[in-house]
Amino acid sequence: MAEVRAEDFGSEEQAKAVEDLTTSEYKWGWETEIEQDTFPKGLNEDVVRGISRKKNEPEWMLEWRLKAYRHWLTMEEPKWPKVKYPEIDYQAYSYYSAPKEKPELESLDEVDPELLKTFEKLGIPLEEQKKLAGVAVDAVFDSVSVTTTFKETLAEKGIIFCSISEALQEHPELVKKYIGSVVPYTDNYFATLNSAVFSDGSFVYIPKGVRCPMELSTYFRINAMDTGQFERTLIIADEGSYVSYLEGCTAPMRDTNQLHAAVVELVTLDNAEIKYSTVQNWYPGDSEGKGGIYNFVTKRGACRGVNSKISWTQVETGSAVTWKYPGCILQGDNSVGEFYSVAVTNNHQQADTGTKMIHIGKNTKSTIISKGISAGRSDNSYRGLVKIGKKADNSRNFSQCDSMLMGSNCGAHTFPYIEVDNESAMVEHEATTSKVGEDQIFYLNQRGISTEDAVNMIVNGFCKEVFNELPMEFAVEAQKLLAISLEGSVG
Amino acid sequence: MPAESNLLKKYTEGFAAFEEKLNGQSETSFHKVRNEALNKLAELQFPTVKNEEWKYTNVSGLVKNDFEHPLNIETVDIDAALIEKLRIDDVDSDILVVVNGSFNKELSVLSDYPDGIIVDSLANQIKNNSELTEKYLSKLTKIENGFNALNTAYSTDGVFIYVPDNKVIEKPLQVIFINGSSENEVISLPRNLIIAGKNSQVSIIANYVGYGEKEYFTNTITEVYSGANSVVDLYKVQNENENAYHIDKTEVYQNRDSVFSHYNMSFGGKLVRNDINSTLDDENITTNYYGLYLGSNKQHIDNHTFVNHAKPNCESNELYKGILDDQSRGVFNGKIWVEKDAQKTNAYQSNKTILLSKEASIDTKPQLEIYADDVKCSHGATIGHLDDQAYFYIRSRGVSPEIAKSMLIRAFIDDVVEEVKIDNLKEQLNHMIFEHLHRVEI
Amino acid sequence: MISIKDLHATIDGKEILRGINLEVKAGEVHAIMGPNGSGKSTLANVLAGHEAFEVTKGEVFFEGEDLLEQSPDERAREGLFLAFQYPIEIPGVTNATFLKAAINEIRKHHGQDEISPKEFLDLMKEKAKKVGMDDSLISRSVNAGFSGGEKKRNEIFQLLMLNPKLALLDETDSGLDIDALKVVSNGVNTYRSEKNASIVVTHYQRLLEYIVPDYVHVLYKGRIIKSGGKELALQLEEKGYDWIKEEQVETV
């Protein structure tokens, strides 16, 4: 239980409402019992070769993985984030886990019913009626993509939406051209590890001039015990194209900590746009801080073309430790990068998250809106970099980082780095920290609104600018998630 | 990098020779602190850009030089006429002169102070093992890097100011720090200790100026103890010459109800680094940090500030503004730390920079670290250029481009300059600003 | 409507209210006046249930129910409304969202259905007009970035929207220019009916020219030391509070 003392909130009732908000149990905690094809624990070159062989990968892919692995051996785990966790034993994880199944799946009927049940619980729209809702899903279940819906509809438009393993078989030239071009295998400790051992992930290619007619969506779920999940996502929006991609993450409850070190690479060419939305509620550990996911993720987009745009929106309520900075490299002139984030931490969760906006092209613009909510004994840090390069004439950045504190045992921190090498740039950064005010709650009470609803209302108001950026169906889910993560229904 | 640091080599090895020249000071109790600092120097060495606190300031060029200790060179010859020239014009103040780190009583112009007030050379106080130096010297600050260690181990003197309880020093004290030499590449290591008792008041102008044509390195530490309900104003006017490396650490410890204001006016030097730290260790304390940094040519100016809110009901205000021209580079790193007990803290920080040239650059990193929940904290940082619209507006009234730009510069810095409480100093700062930026004064 | 008997209240152990007695019936407007620090705002906040104050003695019955037993939101749902002296800002929550939630809570409490969107919209338009509120203020966040006058106007707008049984107006006139004062008073006068009552807390007699009270009470050091008709307000304006204080001393 989070310790919330009445005197911190002025009344027992208020304290209780906040406590209810911050101590809800993880609602996605169950385990699917199916047979797994899992590598023994440990990491070495043979494991890397084994993964590559399992997936029948081309030789260059294996070479790239091995280069990454050898480089990783020379690296040290970063210690600068404001997070604390026991040392990770990388030999204690298994680096490949796939459900045992028939090699070819023609239709949903062939999918393991246990698996389907899991997806159902997750609310993933796999069935026919859900298809009609207009959502195509590439479901990644412990590293291997089992089924992809809507492929045909998308194929008509020339859109490729498949697992990255499949893409390596079907479109190796595209993968070869772009993989590692945004996040090189040398990038950072966790991205390098991912480059060596990534098991699967999504691949999207939107051809020239095509506007993807539906939201694309992937659900990830770490299932098997002690498997690190290393998915790798690559999305390419060719000239003049548009795609909105949704990513949702959940994981079952476990006592031990699981490692999640994903890499996401986005590329937009001239006049293209990618909107990438994440709702992340990986298991955060229990109220004592036991268990939970280590979420060490590298997400980066490159606006290669002129007038292109990449927009990251994230609502993060899960994980024991989060370390991620979805960023944009604004190379093309007039390109635009956006980052909208809500990060909620409670109990013993720790989050060190933010964004990097690297302005290289002329007239590039970026916007950062970050809302951090800390409760319980958690620590929530915003860390961001805005860099305006020498040639980025007339670039603009606006950043706003607001923190809200609930209770007196949590921390909120802001670490913005601003580097400007061009005199025509305009950069604005604002940050505030406040608490959910007793006065605000009393005011809402006085209009007949209960304390629990009042807190929800204040929190939702605080996050509004970010929710507004989410696609409709996701916004609803995000609000729900926030309410569950902070318990009760949001007013 | 030790291999490339001649400075480190010279000073880790040269301590015995230095001790011999100390002329009795090595017998004092402070000498133990020096010895400890020497060990720290060997242990910490000089920071590299890999150190987060020095990420944007590369001192490898500085530490390559083996600057000579002032005890090993001929004393620089300064006369009263020069002092008259170096003092800030029209500011009615007492004068203290410190030449390459040594207090010069003959050139100083002091008043008769009320009983108990001490305005003296620090060396004197160390030599006499005064209770106050025992209690405070090197106690208010910690050695955080090689530069701090170097000053602590090798500094021999500086100014010592003590204002006892309920006493006021009416006139500002202007300390002229003259650094550099025409003959040798020298390191100047002033060490200052300012102790303000309960209900006391003092205003100090620290005026750093350069001397001679040789490269030199000013590495200074000032410790300030603000007693309960005291009011201390510390104006730092840094006018070193273009051959100067300048590293300054100012550490302030504040007691309840005290008000400490620091004015950091940075003009000269080729590489400048200021660290200003305050610990607000009781209730109802006010801390004000005002800063101006003006860069031209290839100057590099790095300001690090740290406000540590340790207790409830305190307030800190910080306003730093910079104008960077030519190829100059600015760094601002402002940290506000609010400890768990420091409820009802109000902390504001604002950093604004204008870049006047294509090749100028700024790296800014305002940080909030907050562990208390009932606080109001905010920071803001903006980086931009002179307002085009306003420029056009002024021009459209027939004003020349030069004057129009000067007007906008004036408008930009105005709120910082206005905080200066000494009127004539305000005027003089205005002169310095326009002179330093080579702009028409308005 | 409301019956206050020997009400004592403290904040941080300091006694502010020292035995208030007051009866307010439906259809009445009572003004409470008094010098700074006499306990006027405390009385309003205690009635609304502010947690900072502790009731140490006495009782309050509102529509026959024990008011002091109820939480602030229950009091509001029962029909007690406080127009705040310093209205609170709630960033990101629009006036419309806020009021809809409040109205529906109150309706739910009385076993009524939720208000339909159209009904709500019409009600908003009608009431906004009464207090001269701009449409843009309605879609903006509650009080965020409002001027002092706009905030006070918003309080009265909420009063009209929620239409409570008892309105407590806490220094609603302070900081208002004369035009704003007229608008705010007009709003309150539209609200006035035989079925409801108001307690107007103010420092200045000026407000009472526009909101004419049936009774005026003088609060001093936590007690009502004099009550009278509306003419008492005029006397206070002319002579200040000292004469009552002296009178008080004499009677003691």
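Q: Two strands pair if DSSP finds at least two bridges between them. How many bridges join strand β18 (residues 350-353) of chain A to β21(A)?
A: This is a predicted model: local features need pLDDT of at least 70, side-chain atom pairs count only at pLDDT 80 or more, and totals for chains, interfaces and linings use all residues. Residues are numbered from 1 along each chain as its sequence is written, with chains lettered from A and ligands numbered from 1 in written order. Strands are DSSP runs of E, at least two residues long, and helices are runs of H or I, at least four, both numbered from the N terminus. β18(A) and β21(A) run parallel, and the bridges joining them number four.

Q: Which residue in β21(A) stands opposite Met357(A)?
A: Strand β19 (residues 356-359) of chain A is parallel to β21(A), with four bridges between them. In β21(A), the residue opposite Met357(A) is Val386(A).

Q: Which residue of β23(A) is the bridge partner of Arg383(A)?
A: β21(A) also pairs with strand β23 (residues 411-420) of chain A, in the parallel sense, over 10 bridges. Within β23(A), Arg383(A) has as its partner Phe415(A).

Q: Is strand β21 (residues 379-388) of chain A mostly covered or mostly open, and how many of its 10 residues are buried?
A: A residue is buried if 20 or more other C-beta atoms lie within 10 Å of its own, exposed if 12 or fewer, and partly exposed in between, with C-beta atoms placed from the backbone. Across the 491 residues of chain A, 59% are buried. β21(A) is mostly covered, and its buried residues number nine.

Q: How many residues of domain 2 of chain B are in contact with domain 1?
A: An automatic or database assignment sets domain bounds, here domain 1 (2-282) and domain 2 (388-442) of chain B. Their centres, taken over C-alpha atoms, are 32 Å apart. Contact means C-beta atoms, placed from the backbone, within 7 Å. Domain 1 of chain B brings 11 residues to this contact, and domain 2 brings 10.

Technical notes
Two residues are in contact if their C-beta atoms, placed from the backbone, lie within 7 Å.
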